[in-house]
Amino acid sequence: MIRSLPNSPMYKYGYRFYIVLFFIFLVLPLIAISVLAFNDSNSIALPWHGFSLDWFFAHTDKRVGLFHDTDLLRSIWISLETAFAMAVLSTIVGTMAALLFEQERFKFKGLLYFFAIAPLVIPGVILGISILLSSTYVGDLLDTKFGIDAEVFSPGFWLVVFGQFSFGATYALLLISARLKKFDPQLEEAALSLKATRLQAIRYITIPFLKPAIIGAFAVTFIMSFANFNTTIFLIGSDPTLPVELFSRIKFSSTPVLNAVSFMIVLFITIVATISLFTNRKK
Amino acid sequence: MSGNKKAFYFLLIPVLLWLVLLIIVPHIDLFISSFKVDGDSSSVFSLENYTIFFKEKIYWFTFLNTVIYAIGITLLAFVVTFPVAFYLTKVVDKKYASFLTLMLLIPLWVGELVTIYGWVIILGDHGVINESLIWLGIIDKPITLLYTNFSMSIGLLYMSMLFMTIPVMTTLESLDDSLIEAASDLGASKFTIFRRIIIPHAMPGIINGGIIVFMLVIGDYVAPNILGGKSNLWFTEQIYNQFLSTFNWNQGAAFGFLLLVISSAVIWMALKLSGQKLEKVGS
């Protein structure tokens, strides 16, 4: 049953067969996309018409490859900008929240912590619509009462960033808290007894200790933002992010250029995953 | 103000801004908006948005259908991935465990839009499955797999199941192998060990995973919209329609609030039945 116990061959091979089937199920969509990105065809699926790089490099009437598809490239760029802004915000506020909830004692701490982790169990669509409703309300109020036209409150880049940050900070908080739990408070006490202020102790003792978790939280929130659709769709202005652009193409005008861009994402993630595997092994 | 107090407010204020402006106020706004009637500027509270929900069969039936599907997919995710979680933590040679675990994460990081698109390519009339079956001579014309409840369920399972696997693996890792060995030495059957030792120990992970899977499935839009058929009923689609097509935001707010209530209720029940706290879900 486990490594140290003997098993019948039937059980052992049956189990292994199921695991193989599972991993085929897992990688099948990724393999299908990757192979068909190189199909010399105008349809996204089979049959196979031979190898071609058209969907990456072509620039003809019939075929526009990924590197000439300005709308698609633009949406990738917007997604990168959004993900960067969201990950920076989420990591900073997530770190502050972790320090606050792990190391400080104050009234209503339990209640605040409840709200801080609530985004884990709130569907993304709910966060999207409720932030849209309240930002529109505030925007209208500023406009009619004070004549201020504040763009931050209407759908667009910053509203998407703040919408995604509302749950991104939760994930950063959890990742950083997990490491902070292993922190030896005596280190900070030593700094305090040597006349450091609390903020100096955080800056020079606690933050360096948290560095791996902070980098991890930045990477995780960046990827979450890059892939997010459910919250983003409600807060988007005239500049779609990559998932929103992909969605409308899949629905209305799918060409194999979608396979090409998907292949690039799969390739990128695989490289990142391989790097993380080797750096973890070194430790 | 002493140094400690200064540090406390330095941490507290950004966290409070995050929780109040992006979590608490928007949800209150969602609740209030759901009692307003579209186009009626008088601020009288009205139950109309909710009576429409109960009067029109299409709305409450879709709602019910979505909840039942979400519970079904959650159970399926457990059945499909539990053997995998057990294999990766207790059976497979430790050399391969980290590599295989990383392979589980790749589809998560690649993102829902890309993997769902992959399933479009696989399940379509000229998709990988139909073309393979025709090539093997098993069928002579394509069978309809795409745009059915079947393809929708595959997509929902695929995008959510790994959120079950990972927490279950975390709890299984903390299970001491010698407990299983002892039970086996005392003559317990595999089934007894599974039911009396493994499942009870993994329960917190199963509940955590189940909660996240349920929330993701009930709030998903991409898989039902892209992979589901025209007659397919999914409640988030009603919310999207109200917000993005008919622009009846107050009706949409009522639907959103109902979705939030049902998902919170199911999660609360799961926590009560298993004697767990929400604070533990994230860990």
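Me: Which residues does B:Val128 touch, once those up to four places away in sequence are left out?

Reply: In this predicted model, B:Val128 touches A:Ala32 and A:Leu46 in one chain and B:Ile121 and B:Ile122 in the other, not counting residues up to four places away in sequence. As for its place in the fold, B:Val128 belongs to helix 6 (residues 128–135) of chain B.

Me: Is B:Val128 buried or exposed?

Reply: The idea is to count the other C-beta atoms around a residue, and a residue is called buried if 20 or more of them lie within 10 Å of its own. B:Val128 has 21 C-beta neighbours inside 10 Å, and therefore counts as buried.

Me: How many residues does the largest nonpolar core have, and which of them have the most contacts inside it?

Reply: A core of this kind is read as a set of buried nonpolar residues joined through their C-beta atoms. The largest one here has 149 residues, and those with the most contacts inside it are A:Ile33, A:Ala97, A:Ile129, B:Ile116 and B:Ile121. Helix 6 (residues 157–180) of chain A gives the most to this core, with 13 residues, and the core draws at least three residues from each of domain 1 (1–63 + 258–283) and domain 2 (71–254) of chain A. The C-alpha centres of these two domains of chain A lie 31 Å apart.

Me: What is A:Ile33 in contact with, leaving aside its neighbours within four places in sequence?

Reply: Within chain A, the partners of A:Ile33 are A:Asn259, A:Ser262, A:Phe263 and A:Val266, while from chain B they are B:Val114, B:Tyr117, B:Gly118 and B:Ile121.

Me: How many helices and strands does chain A have, and why is chain A described as more spread out than a compact globule?

Reply: Chain A has 11 helices and zero strands. The radius of gyration of chain A is 24 Å, well over the 19 Å that the globule rule gives for 283 residues, and so chain A is more spread out than a compact globule. The C-alpha atoms of chain A fill a box of roughly 75 × 75 × 30 Å along the principal axes, and 41% of the 283 residues in chain A are buried.

Me: How many helices and strands are there in chain B, and what is its mean pLDDT?

Reply: Chain B has 13 helices and zero strands, and its C-alpha atoms fill a box of roughly 75 × 75 × 35 Å, again taken along the principal axes. Of its 283 residues, 43% count as buried. Where pLDDT is low, predicted coordinates should not be read in detail. For chain B the mean pLDDT is 85, and 95% of its residues reach 70 or more.

Me: Which value of phi does A:Phe108 have, and what is that of B:Phe247?

Reply: Phi of A:Phe108 is near 60 degrees, a positive value in a residue other than glycine, and this phenylalanine sits in the loop between helix 3 (70–103) and helix 4 (109–117) of chain A. A:Phe108 counts as exposed because it has 9 C-beta neighbours inside 10 Å. Phi of B:Phe247 is near 55 degrees, also positive in a residue other than glycine, and B:Phe247 is found in the loop between helix 12 (235–245) and helix 13 (249–274) of chain B. With 11 other C-beta atoms within 10 Å, B:Phe247 is exposed.

Notes
Residues are numbered from 1 along each chain as its sequence is written. Chains are lettered from A and ligands numbered from 1 in the order in which they are written. This is a predicted model: local features need pLDDT of at least 70, side-chain atom pairs count only at pLDDT 80 or more; totals for chains, interfaces and linings use all residues. Helices (H or I, at least four residues) and strands (E, at least two) are DSSP runs, numbered from the N terminus. A residue is buried if 20 or more other C-beta atoms lie within 10 Å of its own, exposed if 12 or fewer, and partly exposed in between; C-beta atoms are placed from the backbone. Two residues are in contact if their C-beta atoms, placed from the backbone, lie within 7 Å. A nonpolar core is a set of buried Ala, Val, Leu, Ile, Met, Phe, Trp, Tyr and Cys residues joined through C-beta atoms within 7 Å. Domain bounds come from an automatic or database domain assignment. pLDDT is the predictor's confidence in each residue, from 0 to 100. The radius of gyration is taken over C-alpha atoms; the globule rule is 2.2 Å times the number of residues to the power 0.38.
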